[in-house]
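Please read the sequence and the model side by side.

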Amino acid sequence: MTVTAPPGYAAIVTAAGRGTRAGGGEPKQWRDLAGRSILARSLDAFAGFDRVVLVVHLDDMARAIRDFAGGVTIVTGGETRAASVMAGLQALEGQATHVLIHDGARPLVGDAVIQGVIDALQGGAPAAAPALLVSDALWKGADGAVTATTPRDGLFRAQTPQGFALDQISNAHRLHPHDAADDVELALKAGIPVAITPGSEDNLKITFPADFARAERILGTAMDIRLGNGYDVHAFGPGDHVWLCGVQIAHEAGLVGHSDADVGMHALTDAIYGALAEGDIGRHFPPSDPQWKGADSAIFLAHAADLARERGFTFGNADVTLICEMPKIGPHAQAMQARLAQIMGIDASRISVKATTSERLGFTGRREGIAAIATAVLIKA
């Protein structure tokens, strides 16, 4: 669920830094985190705002336009964080009454944190920012040794987004153009009182290499992972070929079915529908409907894959097993894998196609037909 901002509320997401301490060879905000960039995840949190300004480094402008144009206003940042924020504030002049300023390297900010800042501003606070009480003992140190202890009473760990009345924080930046640790520092210098709102341990700032692993663990607990199974059978009948996983194979018989009787593709399609709790092919493409007579089963599989994407899922992997004595599947397995990947719009490395026999037992062993089982894994981060 995404926070819906009140009218007049805008957001600035700062992403103009270089983030070298995080390693990886590129600015940390552009690095991958469980399949999406850190910056994309940070921007997602403000999808419910009518106006979002993204501040990026000049060197990253082309990439930002490619990835985010249309959804946000993109501006070039300055030499310091304060200068970058000021560029974002200038882009909002006359466009908003309040602004939430967020660090693009905090990709896991939750709705409750954002809503807490908004509630404080709507309650009359001129500024508000989330924070967590310091619970650990604090030391000073030098050369690998503790040199002194520091009382932790009244100390907080600052987070973002930090919210302000737009005119007041803009004036604070103009009065104090030098860099600061965050916007709260500048607000206090300008005499603006800042309310403390609840932060979250999950709202970490990606700074060091180890932070990526921690963020992925947090995301892992929030992932929606779906597993679906599919099973299908078709009998042999008249014909000189069969369709299996989208590939035509010459054979002494055909497969009998309302569509093209592609037993492998039908099983995989049902696996995807199953993961989505959407029933089976028959619900979406009733065999009683003559328009599906002899239809290419790619239509069914593409529909299921598109439905998964519409629901926000990506494919973890898909696995299809064909059970038959004949025809031989091995020589065609790679082509089947490629064809399924093409239909589903995913990389072929995420699809497996294999075959087995029933040791001449049952209807497949008697060469009366072909069976298929399939599994599909869907992931929503």
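Ser 170 is in contact (heavy atoms within 4.5 Å) with Met 86 and Leu 89, leaving aside its neighbours within four places in sequence. This is a predicted model, in which local features need pLDDT of at least 70 and side-chain atom pairs count only at pLDDT 80 or more, while totals for chains, interfaces and linings use all residues. Residues are numbered from 1 along each chain as its sequence is written, and side-chain values use heavy atoms, with hydrogens and water left out.

Ser 170 belongs to helix α5, residues 166-175; helices (H or I, at least four residues) and strands (E, at least two) are DSSP runs numbered from the N terminus. Ser 170 counts as buried because its relative accessibility is 6%, and buried means under 20% relative accessible area with a 1.4 Å probe and protein chains only. A polar atom of the Ser 170 side chain lies 2.9 Å from the backbone oxygen of Leu 166.

The second largest pocket has a volume of about 670 Å³. A pocket is an open set of points on a 1 Å grid over the protein atoms alone, where a 1.4 Å probe fits, with protein on both sides within 12 Å along at least five of seven lines; lining residues have an atom within 4 Å of a point. The volume is the space filled by probe spheres set on the points, which are joined across faces, edges and corners. There are 32 lining residues, and those closest to the centre of this pocket are Thr 14, Gly 17, Arg 81, Asp 103 and Lys 205. Two or more residues of the lining come from each of β1 (9-15) and α3 (81-91).

Elsewhere, five strands make up an open sheet of mixed pairing, in the order β16-β13-β19-β17-β18. Two strands pair if DSSP finds at least two bridges between them. At the edges are β16 (254-255) and β18 (351-356), each pairing on one side only. Strand β13 (residues 224-237) is joined to strand β19 (residues 369-380) by 12 bridges, and the two run antiparallel. Asn 229 has Thr 375 in β19 as its bridge partner, and His 234 is opposite Ile 370 in β19. β13 also runs antiparallel to β16, with two bridges between them; here Gly 237 has Gly 254 of β16 as its bridge partner.

Key. Buried < 20%, exposed > 50% of the residue type's maximum accessible area, 1.4 Å probe, protein only. Polar contact = N/O pair within 3.5 Å; in protein donor to acceptor, adjacent residues only side chain to side chain.
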